[in-house]
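I keep these notes as a record of what I looked up, in the order in which I looked. The structure comes before the entries.

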Amino acid sequence: MTFEEDVTVKELMTEGVIAIQQEKTVKEAAKILREEGIRGLVVVDEEDAEGVIVCRDIVYQVVSENNDPEEVLVEDIMSTDLIVAEEDQLLDDVAMAMARNDISRVPVVRDDMLVGILTQTDILRAWPGYAEVMEEEIEMEADATPRETSTEGSCESCENYSEDLRETNGMLLCEECR
Amino acid sequence: MDGKVKLKEVMTDGVIAVEADSNIVEAASKLRQEDIRGLVVIDDEDAVGVVVCRDIAYDVIAEGEGARETEVRDIMSTDLIVAEEDELLDDVAMAMSKNEVSRVPVVRGDMLVGIVTQSDILRAWPGFAEIMQEQEVEE
């Protein structure tokens, strides 16, 4: 197993949140979804997140009833049982919570502030081995510049500053964490 | 997880399909009834595409098209990525995330036998099975 167990939500989330006011119509929501090429929006009232609306809500609650998407409002069909992730949470925990609750996207918060969104697609990018495959592809394209044997910066495991970071299993680690 | 999990161990058996000439209200009702996000589209017996909730939101609702007047074939995706049931989950998971698809029909030879979704794959997430077992023990 090659998955790094201490990956946090913020490393994979999409930063920034695309939101819609709750009193907009479903048709307006669908237009934003299409323009942004995404599957779900955070629903806000003024500044506060009140819910989430995804393509599925539109299909189940508007289209299957043949209701008019210009009449139905976002607040009528949004989900309000919001599962939210902290940006510092471990990806493993959030991935499992999502799979268990069968949800495909969670808003990500830093304290009270919405900072991003994490989707199943984002999580699959951390699938064991995927990073390696991508790295191989990048390496094939990269110039043949030898990597420095040690660098300085923050250790990717303990986050402490070190002047002796070395690449170990794909991460830059300080002496203690290697 | 040992990296050798095969697709058929995590896929959903059986395929819920819709005829290409059904209208979008019919497709939407089926999606809701079955509580799923996408359907395989068939013409006679052959799989000819996939239609997901996103296609309906983008191509019908956002465009202001009538759902009853639009047929599934008008909005389905036909660039079908298909997986063999014996493929390794790891490979399929990567192909899905590279191509940004959320569900893949699974075939045995020429026959459609199931579907695998991002949710199915997340359920195979390293450690997930262990945690679920722990919970069962607690209960």
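**Entry 1: the two chains.** How many residues of chain B are in contact with chain A? I found that 35 residues of chain B are in contact with 35 residues of chain A, two residues being in contact if their C-beta atoms, placed from the backbone, lie within 7 Å. On the side of chain B that touches chain A, α2 (24-34), α3 (53-61), α5 (89-99), α6 (118-123) and α7 (128-138) each supply at least two residues. Helices (H or I, at least four residues) and strands (E, at least two) are DSSP runs, numbered from the N terminus. By class, I noted 21 nonpolar, seven polar and seven charged residues on that side of chain B. In this sorting, Ala, Val, Leu, Ile, Met, Phe, Trp, Tyr, Cys and Pro count as nonpolar, Asp, Glu, Lys and Arg as charged, and the others, Gly among them, as polar.

**Entry 2: the model and its conventions.** This is a predicted model, in which local features need pLDDT of at least 70 and side-chain atom pairs count only at pLDDT 80 or more, while totals for chains, interfaces and linings use all residues. Residues are numbered from 1 along each chain as its sequence is written, and chains are lettered from A and ligands numbered from 1 in the order in which they are written. I read off an ipTM of 0.74 and a pTM of 0.68. For chain B the average pLDDT (the predictor's confidence in each residue, from 0 to 100) is 85, and 87% of the residues score at least 70.

**Entry 3: the sheet of chain B.** I traced an open sheet of three strands in the order β2-β3-β4 of chain B, with mixed pairing. Its edge strands are β2 (17-19) and β4 (46-52), each of which pairs on one side only. Neighbouring strands here are turned by 40° against each other on average, direction ignored. Axes are lines fitted to C-alpha atoms, for helices over the stretch in contact, and angles run from 0 to 180 degrees between N-to-C directions. β2(B) pairs with β3 (residues 38-43) of chain B in the parallel sense over three bridges; two strands pair if DSSP finds at least two bridges between them. In β3(B), B:Val40 is the bridge partner of B:Ala17.

**Entry 4: helix α2 of chain B.** I saw that α2(B) lies across β2, β3 and β4 of chain B and runs at about 130° to β3(B). B:Lys30 belongs to this helix. Not counting residues up to four places away in sequence, B:Lys30 touches B:Val18 and B:Leu39. B:Lys30 and B:Val18 are twelve residues apart in sequence, and their C-alpha atoms are 8.2 Å apart. In the loop between α2 and β3 of chain B I came to B:Asp35, whose phi is positive, near 55°. B:Asp35 counts as exposed because it has 9 C-beta neighbours inside 10 Å.

**Entry 5: helix α5 of chain B.** I listed B:Leu89, B:Asp90, B:Val92, B:Ala93, B:Met94, B:Met96 and B:Ser97 as buried in α5(B). After α5(B) comes B:Glu100, with a positive phi near 55°.

**Entry 6: chain A.** I counted seven helices and ten strands in chain A, and 29% of its 178 residues count as buried. β2 (residues 19-21) and β3 (residues 40-45) of chain A pair in the parallel sense over three bridges, with A:Gln21 opposite A:Val44 in β3(A). β3(A) also pairs with β4 (residues 48-54) of chain A, in the antiparallel sense over six bridges. There, A:Val52 in β4(A) is the bridge partner of A:Val42. The hairpin of β3(A) and β4(A) has two residues between the strands, and A:Glu46 in this hairpin takes a positive phi near 55°.

**Entry 7: a second sheet of chain A.** I followed an open sheet of four strands in the order β1-β7-β6-β5 of chain A, with mixed pairing. β1 (14-15) and β5 (85-86) stand at the edges with a single partner strand each, so one side of each is left without a neighbour in the sheet.

Technical notes:
Buried ≥ 20, exposed ≤ 12 C-beta atoms within 10 Å, placed from the backbone.
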